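Hi there,

Here is the structure I promised to pass on. Have a look at it first, and my notes on what turned up follow just below.

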Amino acid sequence: MAESEPRGEEYEAQHVHSVYEEIASHFSSTRYKPWPIVERFLKELPDGSVGADVGCGNGKYLAVNPKVFIVGSDRSTNLVKIAQQYQPHATIVADNLGLPHPTHTFDFAISIAVIHHLSTPERRMEAVKAVLDLLRPPSSAQGQTGGKALIYVWALEQKESRRGWDEGHEQDVMVPWVRHSKKEKSQKRRKGEDHGAEVAAQTSVPQSESKTFLRYYHLYRRGELERDVGEAGGKVVESGYEKDNWWAIATLQGSD
Amino acid sequence: MKLLTLNFLTCALKPCKASPLSFPLHPRDAELEIVESELNLSFLRNILPRLAWEELRGVVRELGLPDLPEIMPEAEALGKASSGKKTNENAANENTITTTTDEDELSPKPEVQPEAEEPDLEPTQTALDLHRLLLETSLRAGSLVCGNCGHAYKVKEGVANFLLPGHLV
Ligand SMILES: [Zn+2]
């Protein structure tokens with residue numbers, strides 16, 4: 001399904017970053033409801049925790065808990081500008097593979113629907129590692145568990161979804177984003193709150209008014225996220241499946 | 001970008017992170033603005049112990065803002081009982097000590113804070129000043145410069161951009 005262009009940084013610039021920059025405001029208007037697992041993770045944090053939201057998009061998750069401090073980052077300047085409104089947090093433009101944070105300092109980090117946009121296995125593992133390296137390491141001396149990261153990626157196994165992908169399907173796919181100039185239409189019939197307003201394509205809007213953007217995704221199969229976390233030096237403490245997505249909560253591996 | 005953010009930023013280049021020179025980043029040609037926000041006392045008290053005080057003082061000096069106190073204030077010095085309604089003019093220099101907690105000074109503080117904070121605490125002048133400086137004073141434009149490699153990250157319309165040249169789309 002995906003073309004034969006070499007994957008990597010350039011590929012993502014064209015097939016991920018420029019698309020989000022272009023669709024930022026429309027994308028943002030379709031994203032308002034936090035996923036339950038993410039919401040729970042953020043709400044259970046002790047007050048005053050400090051963390052990062054790597055790939056924060058429009059800042060949807062910055063609105064969940066104002067008692068912690070989150071530095072959100074995203075490649076898209078347009079999305080970061082939208083995300084700036086959420087107090088007391090902060091947002092910056094940065095790349096997942098070049099994060100401008102001191103290592104091993106944060107109490108938590110989240111990476112929600114981001115790592116599946118990296119187009120090679122090495123870059124995905126590096127992206128997971130970049131998130132994990134933000135965390136305070138566990139300290140057996142002080143009995144502390146260390147910082148926790150929640151990583152959330154799109155699943156290959158989603159035969160109940162409209163797209164119907166499942167085991168055995170190609171994992172590297174191009175997913176259309178359809179933008180209509182009549183915004184009201186695209187607000188209707190939203191299913192699953194997940195990765196697109198593509199559902200809007202089913203409404204009857206004249207062709208001339210819509211534009212389709214394709215984004216690259218790597219669909220994770222069962223166990224793949226846990227494997228990436230392990231290779232990146234992390235330890236999975238909890239993981240699961242929620243609404244067409246795989247998720248994992250991880251810490252850094254202990255030094256002992 | 002609020003100044004508090006600088007406490008959690010360094011150079012995006014990996015080799016720089018190992019160097020103490022890369023933290024904090026140094027503002028250059030900074031244009032500041034005040035973006036008002038509501039003071040949240042418990043947030044301020046919680047965030048205080050996370051601050052690299054010495055480095056923050058340096059940044060504040062570089063920006064030409066009024067000096068921060070030499071020693072980081074105690075979290076307890078940020079709130080005072082609200083019963084005595086005195087004006088802040090005279091209270092500013094007082095060492096307001098509140099004795100509302102009974103925790104042992106020597107034992108490490110639990111990570112989980114009690115349910116609700118003491119409802120009748122109001123911010124001291126120290127708290128007001130810190131809120132103003134860390135959460136309201138913002139970098140509108142200019143650059144953030146790494147003290148190790150000299151790379152300057154641009155800040156435009158309040159947004160700092162850490163994309164490295166090779167990653168620019
Ligand atoms: Zn540097």
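The side chains of A:Asp107 and B:Arg50 form a salt bridge, with 2.6 Å from N to O. Please keep in mind that this is a predicted model. Between chain A and chain B the count is two salt bridges.

As for the rest of that interface, 36 residues of chain A are in contact with 31 residues of chain B. Together the two chains bury about 2,800 Å², and 58% of that is on carbon and sulfur atoms.

Now to the nonpolar cores. The largest one has 72 residues, and those with the most contacts inside it are A:Phe69, A:Leu132, B:Leu4, B:Leu144 and B:Phe162. Helix α4 of chain A (residues 121-132) gives the largest share of this core, six residues. A second, separate core has 20 residues, including A:Trp35 and A:Leu45. If you click on A:Phe69, you will find that it touches residues of chain B, among them B:Leu4, B:Phe8 and B:Phe43, as well as A:Pro88 and A:Phe108 of chain A.

B:Cys16 counts as buried because its relative accessibility is 4%, under the 20% cut-off, whereas B:Cys149 is partly exposed at 36%.

Finally, an unreviewed UniProt entry places the feature "domain: Methyltransferase type" at residues 53-132 of chain A. In the model, that span is 24% helix and 21% strand, and its end C-alpha atoms lie 12 Å apart.

Best wishes

Conventions
Residues numbered from 1 in each chain as written. Chains lettered and ligands numbered in written order. Predicted model: local features only at pLDDT ≥ 70, side-chain atom pairs only at ≥ 80, totals over all residues. Heavy atoms only, no water. Buried < 20%, exposed > 50% of the residue type's maximum accessible area, 1.4 Å probe, protein only. Core = buried A, V, L, I, M, F, W, Y, C linked by side-chain atoms within 4.5 Å. Helix = DSSP H or I, 4+ residues; strand = E, 2+ residues; numbered from the N terminus. Contact = heavy atoms within 4.5 Å. UniProt positions renumbered as here; feature names shortened; annotations may be inferred. Buried area = accessible area lost by both parts, 1.4 Å probe. Salt bridge = Lys/Arg side-chain N within 4 Å of Asp/Glu carboxyl O. Lists of a residue's contacts leave out its neighbours within four places in sequence.
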